[in-house]
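Please keep the sequence and the model in view while reading.

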Amino acid sequence: MSSVAQTPGPRSAEEPLFRQMLRATEIDTRMIGMVAALALIWVGFHIYTFVQAGEGVFLTPRNLWNLTVQTSSIAVMATGMVLVIVMRHIDLSIGSIIAFVGNVVGVMQVAWLPSLLGFDHPLIWVVAVLAAIALGAAVGAFHGALVAYIGIPAFIVTLGGQLFWRGAAWWVTTGATIAPLDGRFALIGGGAHGSIGATASWAFAGLACLGIVFGVYSGRQRRARYHFPLRPMWAEITMVALGALVVLGATAVVNAYPWPERVAAQWAEAHNIVIPEGQTLVIGTGYAIPVLIAIACGLLMTFVAKRTKFGRYVYAIGGNPEAAELAGVNTRKITVAVFGVMGALSGVAACIDSARLDSATNALGTLDELYVIAAAVIGGTSLSGGVGTIYGAMIGAIVIQSLQSGMVLCGFDAAAQQMVVGAVLVAAVGIDTFYRRRTAKG
Amino acid sequence: MDAQPRVPLVEMKDISLAFGGLKAVDRAYLEVCPGEVMGLLGHNGAGKSCLIKVLSGAYKRDTGKIFIEGEEVHIDNPRDAKRYGIETIYQTLALADNVDAASNLYLGRELLTRWGTLDDAAMESEARRVMGRLNPNFRRFKDPVSSLSGGQRQSVAIARAIHFNAKILIMDEPTAALGPAETAQVGELVKQLKADGLGIFLISHDIHDVFDLADRVTVMKNGQIVGVGSVDDMTKDEVLGMIILGKCPPGATPGPGAMVD
């Protein structure tokens, strides 16, 4: 394919130049569609609010920053849901796992750990986070074992789990709301203090750009070592430039959102900085910690899916479970592990969600499973198994969250929001099915 | 072939396998010697595939013993079978359709880098080498195998079976999806592997395939063995009689499934 694009001679008649160039960059055309849909949603809401209120409020640093924070917990879980769905399973229990784990670690922080370590001990948040991940993983692996070894369909196991763990969450606290949580733990939820600031954000962006360059370079090296066809140089450079543009643009946006004036003033007072009369202190917020957690989860899970045996087996099992078993893959172990990973990620999401509210309530994570499944499916994960990408699911999470928060900005009521999100999910799968059928024919 | 008794490479004895009340395999036996092709014949539903899946670890037998080079072995799953050098080309090919040829070739036996991660480049490079020998026209290494033709998919399945130094090769209807040229190619391959000293089970319901390639045949009917004999001592019609009627000719050793006159 790429050799066609490399030859400078006359190109094949039926393939237009643009498509040829697209093919040379090896960008998934599906992904372009998704980004286009996202752009449409963003611009649409911006124009809508402009017409409605005389001021576009969607494409503002403030809203976009909020959007990144709101998306993070769904995005974290979507990375795991991709693998679950790729293996032809489903997990309906994650919202309830969030509630259960959130309440347990909430009680830990408020009641158990302070009496053990002392109030406001710097290790409380570490123990709480590790416990959340371990507990989530244990619950998930238990579900996986029921699916793999007893043969109960995942739909039923996790539907039962949804009821069971929501009830268990209530049981932990007898329905009481746990608040406030540990001060350091609360930073995981974002907010002005739970963000890394402008300087660190630029440093992060620089690292990310270096990472992109290194990734493209090492990929090229690897291919060259085995004399595989290489992508044309201009395509590589375009990819790097696009990646860097996205990273730097996102960083500029989150840095353009200043701390709220009052928070900045308090901070100045605490650090004995005198603000001259008539001026305000502008502190760029930068990336919120939950967003960085989501990015880290995305990178980690991409690595797991693409570069490890475990990931390869998940996809192979999704493509043909019998073939994988006959090839000597221990499909049961992999099933347990996939649900375990999903549970661990739900544990991470439980930390983000409860920290963001600075409290653990019984309603934590309600309906999250549906948003996460929607994110994965909108991101191109096929419910018939075998197909799906981590980055697609993360973009899907941004799409679904953009819709949600855009409708809030436009003043849609909750009922209308639900209807739209539901309709979009069905439409997304419909378009996807149509698209796959067409490409399968062509 | 030669007259003196050899230690069979594989010997399955008294194998039974039932699904509920249905006896799919009933006290069957099967053997193959090094450098020998053993044909396994029978109608659809005669129990051929079930018997062979016991050997490849896909099914767990209810009774019976399996010996490899005279020693009893325990095969409970496909991983066990592979450890003893038993490789299978399944009738359904058993490929993971959504991943590429190299990933299928190495499924369950991935090459890793020194960091413990998948070494895709090395696997693809090796796959190009292997496939280049087996099917020089094979070019589509990046595409999922679902987009390949029947013959190309077959060559991926065959490459996977022979690439890892198999001692015993099971071919379940290996030419079912192939055209005449590719069928001839598979025939050549069988002869070559036989010369390398592998023991090969060739399963088919097509008697012509088997007669051309096999040294001996075992015929099954209703889950039981009708008889075992050398192809030199039998005519095609006699073997057909074994398959259809269960009538064991004088050139073969009758089994429990043989029709009693």
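In which loop of chain A does A:L367 lie? A:L367 is found in the loop between α15 (331-357) and α16 (368-378) of chain A.

## Basis of the report

The model is a predicted one, in which local features need pLDDT of at least 70 and side-chain atom pairs count only at pLDDT 80 or more, while totals for chains, interfaces and linings use all residues. Residues are numbered from 1 along each chain as its sequence is written, and chains are lettered from A and ligands numbered from 1 in the order in which they are written.

## Backbone features in loops

The phi angle of A:L367 is near 70 degrees, a positive value in a residue other than glycine. A:L367 is exposed, with 11 other C-beta atoms within 10 Å. For burial, C-beta atoms are placed from the backbone, and a residue is buried if 20 or more other C-beta atoms lie within 10 Å of its own, exposed if 12 or fewer, and partly exposed in between. Helices (H or I, at least four residues) and strands (E, at least two) are DSSP runs, numbered from the N terminus.

B:A94 also is not a glycine and has a positive phi, of about 55 degrees. This residue sits in the loop between β6 (86-89) and α3 (101-105) of chain B, and B:A94 counts as buried, with 22 C-beta neighbours inside 10 Å. In chain A, the peptide bond from A:A179 to A:P180 is cis, with omega near -10 degrees. A:P180 belongs to the loop between α7 (154-173) and α8 (183-186) of chain A.

## The largest nonpolar core

A nonpolar core is a set of buried Ala, Val, Leu, Ile, Met, Phe, Trp, Tyr and Cys residues joined through C-beta atoms within 7 Å. The largest such core has 181 residues, and those with the most contacts inside it are A:A78, A:M81 and A:A375. The element that gives the most to this core is α15(A), with 15 residues. Domain 1 (10-85 + 166-248) and domain 2 (99-155) of chain B both give residues to the core, so it lies between them. Domain bounds come from an automatic or database domain assignment, and the C-alpha centres of these two domains of chain B lie 28 Å apart.

Apart from its neighbours within four places in sequence, A:A78 has contacts that include A:V372, A:A375, A:A376 and A:M394. Two residues are in contact if their C-beta atoms, placed from the backbone, lie within 7 Å.

## Where the chains meet

The contact takes 23 residues from chain A and 20 residues from chain B. On the side of chain B that touches chain A, the elements giving two or more residues are α2 (78-83) and α4 (120-134) of chain B.

By class, that side of chain B has 10 nonpolar, five polar and five charged residues. Here Ala, Val, Leu, Ile, Met, Phe, Trp, Tyr, Cys and Pro count as nonpolar, Asp, Glu, Lys and Arg as charged, and the others, Gly among them, as polar.

## An open sheet in chain B

Four strands form an open sheet in the order β2-β1-β4-β5 (chain B), with antiparallel pairing; two strands pair if DSSP finds at least two bridges between them. At the edges stand β2 (22-32) and β5 (71-73) of chain B, each with a single partner strand, so one side of each is left without a neighbour in the sheet. Strand β1 (residues 10-19) of chain B pairs with β2(B) in the antiparallel sense over seven bridges, and B:A18 stands opposite B:K23 in β2(B).

B:D14 is located in strand β1 of chain B and counts as exposed, with 12 C-beta neighbours inside 10 Å. Not counting residues up to four places away in sequence, B:D14 touches B:R27, B:Y29, B:T63, B:G64 and B:K65. The C-alpha atoms of B:D14 and B:A28 are separated by 5.2 Å, although the two are 14 residues apart along the chain.

## A covered strand in chain B

Strand β8 (residues 199-204) of chain B is mostly covered, six of its six residues being buried. On one side the buried residues are B:G199, B:F201 and B:I203, and on the other B:I200, B:L202 and B:S204.

Strand β3 (residues 37-41) of chain B pairs with β8(B) in the parallel sense over five bridges, where B:L41 has B:S204 as its bridge partner. Strand β7 (residues 168-172) of chain B and β8(B) also pair in the parallel sense over five bridges, and the bridge partner of B:I170 in β8(B) is B:F201.
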